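Welcome! Have the sequence and the 3D view ready, and try each task before reading on.

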Amino acid sequence: MLQLLVTFFAITNGIYAYNQISPSVQELIDNRPTVIKTFLIHFKPVYRKQHKGKKHRIKESSTDILIRHKQHVRASQASFENDHLLLLQDYKMHSLWVSNSMRITCPAEFIEEIHKRNDIRYIQMDSEVFLPRLAHKRLLEPHEISEISEGLKHLRISKLRNSSYFNMTGKNSKIGLIDTGFDPTLFNEEQITSKDFTSQYDGKSPSIEHATNSLGILIGSKNNKVKTAITPDAHIYHAKVFHHNNTSRISTILTAMQWLLDPDDDPSTDDFPKVISNSWATLTLNKELMLPFWEALSTMKKLGVIPIFPSGNSGQSQKISLSAGLPHAISIGSISNNGSPSTFSTKAEVEWEGITYQKPELFAPGENIISVLPDGQYAEISSTSCSSNYVAAIIALIQEANPKLGPKHIKKILLQTTHRLADGKKTHIVDAYQAIDLAVHGGVVKGLIDGPESSTKISVQPGDLTFVSKTTGAFNFFLKEGTYQLTFNSQGFRTYTEEITIRKQKKHSLMIDLQNSQEHEVSINIVDSQDTKINGVLKLYDDQDKQFLIDDGTLSVTLFEGLYRGQIEVSGLKDQPFLLNVDRMHDQIDYRVSSIPAILIVKDAKENDQMSKVENSLQSLNIAYDMINHTIASDDILAYDLVFWLTEQESFDTLSSIEQNTLRDYISTGGRVVFSGENLAYHLRFSSFLKESCGVDFSKDSSAVKSILFSQSKSTLADNPSFYYPDTLTPSASNSENFLFYTSGETAGVYKKDQQGGATLFLGFSINQINNQESRNELINQVLEKIQPKLQDQIQRIQNLFQKHKKAYHQIVNRFNNETIHNKQEIKEHLRNFSSKRGLQPVLEYIFYQDTDPSLHENLY
């Protein structure tokens, strides 16, 4: 605690330790002492000794904190006010308790008289603050207006509305907004409490566009023509601080902030919003001018209020707004439709007293966002202020879902649940559904690890999560309710595993003592599905990528105790990843390696830690499959006959360019893919992959879909599936055809087969959204009947892979021989069609080995 106090004083006092007045104020004193200007006087805090002892360590309520804060501010300013009581009215003194400051309009010579007082910390000009310009704005024609804003899709609000949180619309939420004026005719009056902090009317038309757009993102217009809002039922506390020319003053912003923290001017009532969206910026390079905002944001932090700022629209220039760069602020950057940072979105490193902060901390959609403008017009807006309003609304929903969470935990939840892009990279793109789900059903796991002097890796199963402790051994993260195995692994120490049961919205504390590891000999046995020992290669990834040859199915190796990740590779069989725990309790470990099944499921969606409904259906149909999560390499996919690629309701985190190229190569070898995702065609609508490789054109989103029909029988497949905005499609190539229809008559699925034997079946919805298992099984049977390769296609694919990929070639031959041995005569008929049979030698040899019938050899060559 002492160290934290020292750090606090160093940061808040160190910047201002030598001069009590800013250079601009000093210049006025020296050159124009009689000129009257508005200044900000910052006072030194008055700290009262806190009682110690357990009975005094009761957590204060936010109202108690606010009352005490106001008392301390009054005490720190009391002496100054008493000494200059007669001047208070003439100099228009106004106390700003939010930052322990005072605004005063006076001659510069008065500042010279008072600036050396012991109770004054710093004096500066009441500088100008401006509203950043939008990066882009385009008015939309009526035919260009879609049913739902693209930003809501990217944030997965559609999944939120289509889940158990469907009624979470901000009904009990309060959001603060510091912005321009707005068009009151577009919004429900009872949802907005507004106050104007600008000076008297100057005869010029007020600026109302920016706040109108902000309110469209926060609560939406009352005509509800387009779904643009995350919290349509929230109450907004709106502070107008910008004049007609989109400028304001520091003191105006501070006055608005303290109104938002105490709207009724009664600190005993808990009536203030717990999240404030700021649209303003200060691009000054003088950090001294940031003292009032530092103090104001510190006050918010004490009250549990989260201040949200846009990072700015100045591009990758490292010139981030200092307001957004403050350590207490959460700054938000903008992403484009493909999930990469927008070119106009500012990103920078900001240093405060020797500590470097990466800004922005989070990203959200901010490019071509549909929202409302004055007079009810709709437009595409590009700005980081769109992104910051989105995140402010999501934080309000988190606070509504779990009021116990403070700013620190909310920020941790937002960071822990951010999107993973399709290229596998972890980003800081906010995911509304995951964040709210973890806030409702999650619990905190915190503790301390004793032993290692470096950080420790913490692996969590199920879920395949990984966390890293600090070098001090401290760790803190969230897990959803359930039972988990936590494995603590640090180089040079024995692996330690502990089971923990998480209860939602509870804290769980652990103390872990890791012991030094010792060398240990372990025997590893490798067998196939028939329990026959086989040869292969064992690779250890965590030990300088070592490889060991497995001879006669057995390997003896000496390793230090610990956890090792690796893989077993056997020619013709599936690679077997493993997590090897070397300890004194286990001298022998057995691994079984099997053939690759014909079907692979790629769960390329955020919720991939539970069995999908597609998996459930395949199991009920007794169909074998493999399943992997997220990004895959070409080597991982080539040996399968059919791939189900499931993206659920992802809208931009779908197929990266790398994955598209991987799938192109796979299809060119004769591979077949079923694509299933509600927004997949929408995301790929401008790509050549959708049109050329899949034979599909995106038509539109449709919110009216209630069921789907088979193209041939026209029989209803599924009534009332959990669709939100499925894609409607159009065949785009001569070799593509309709496969399924929605009941509206629009196309729901398109099938395409190319000359190389590859095929795709593209569905505009997620199969997992069909809740009825009988309907889902029926659909999967129809899909398999349509797209699974026939025997001739399989033989052709073996020939295709022979020269291209030896590993996949041996794996697919092994499966083919095991699964088709009863079709020897049919295979013989198809083999006659191939002039070159070099790639088919293993198939021929296997057939001849199994059956010496002379008729089988006729005319094969």
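**Exercise 1. Does D262 count as buried or exposed?**

Step 1. Start with the ground rules: this is a predicted model, in which local features need pLDDT of at least 70 and side-chain atom pairs count only at pLDDT 80 or more, while totals for chains, interfaces and linings use all residues. Residues are numbered from 1 along each chain as its sequence is written, and side-chain values use heavy atoms, with hydrogens and water left out.

Step 2. Recall the cut-offs: buried means under 20% relative accessible area, exposed means over 50%, and partly exposed lies in between (1.4 Å probe, protein chains only).

Step 3. Apply them: D262 has 3% relative accessibility, so D262 counts as buried.

**Exercise 2. Find the side chain that meets D262 in a salt bridge, and say what the pair ties together**.

Step 1. Side chains of opposite charge can pair when their charged atoms come close. Here a salt bridge is a side-chain nitrogen of Lys or Arg within 4 Å of a carboxyl oxygen of Asp or Glu.

Step 2. The partner of D262 is K70, with 2.7 Å from N to O. Because D262 lies in the loop between α8 (250-261) and β11 (275-278) while K70 is in helix α3, the pair ties together parts that are 192 residues apart in sequence. Helices (H or I, at least four residues) and strands (E, at least two) are DSSP runs, numbered from the N terminus.

Step 3. Check K70 too: its relative accessible area is 8%, so K70 is buried.

**Exercise 3. How many salt bridges does the structure hold?** Look also at the pairs R138 with E380 and D626 with K574.

Step 1. The structure holds 28 salt bridges.

Step 2. In one of them, the side chains of R138 and E380 meet at 3.4 Å, N to O. This pair links distant parts of the chain, with R138 in strand β6 (residues 136-139) and E380 in strand β18 (residues 377-382), 242 residues apart. R138 is partly exposed at 31% relative accessible area, whereas E380 is buried at 19%.

Step 3. D626 and K574 also form a salt bridge, at 2.8 Å, N to O. Their places are distant in the chain: D626 is in strand β34 (residues 626-629) and K574 in the loop between β30 (562-569) and β31 (576-582), 52 residues apart. D626 is buried, with a relative accessible area of 12%.

**Exercise 4. Which strands pair with β42?**

Step 1. Two strands count as paired if DSSP finds at least two bridges between them.

Step 2. Strand β41 (residues 736-742) pairs with β42 in the antiparallel sense over five bridges. Strand β43 (residues 759-763) is also antiparallel to β42, again over five bridges.

Step 3. Follow K752 in β42: K752 is the bridge partner of S736, and K752 stands opposite T760 in β43.

Step 4. Now look at the turns. The hairpin of β41 and β42 has four residues between the strands, and G745 in the turn has a positive phi of about 95 degrees. In the hairpin of β42 and β43 there are five residues between the strands, and G757 in the turn has a positive phi of about 95 degrees.

Step 5. Finish with cover: six of the seven residues of β42 (residues 747-753) are buried.

**Exercise 5. Which residues gather in a patch of negative charge on the surface?**

Step 1. Patches are made of residues with over 30% relative accessible area and no salt bridge; like charges are joined within 9 Å, and nonpolar side chains (Val, Leu, Ile, Met, Phe, Trp, Tyr) within 5 Å. Asp and Glu count as negative, Lys and Arg as positive, and His and the chain ends are not counted.

Step 2. The residues are E27, D30, E109, E112 and E113. The elements giving two or more residues are α2 (23-31) and α4 (108-114), and α4 gives the most, with three.

Step 3. Take D30, found in helix α2: D30 is exposed, with a relative accessible area of 52%.

Step 4. For contrast in charge, a positive surface patch is formed by K59, K301, K408, K446, K470 and K507. K59, in the loop between β1 (36-43) and α3 (62-83), counts as exposed at 77% relative accessibility.

Key: Areas by Shrake-Rupley, 256 points an atom, 1.4 Å probe, with all protein chains shown as cover. Charge placed at Lys NZ, Arg CZ, Asp CG, Glu CD.
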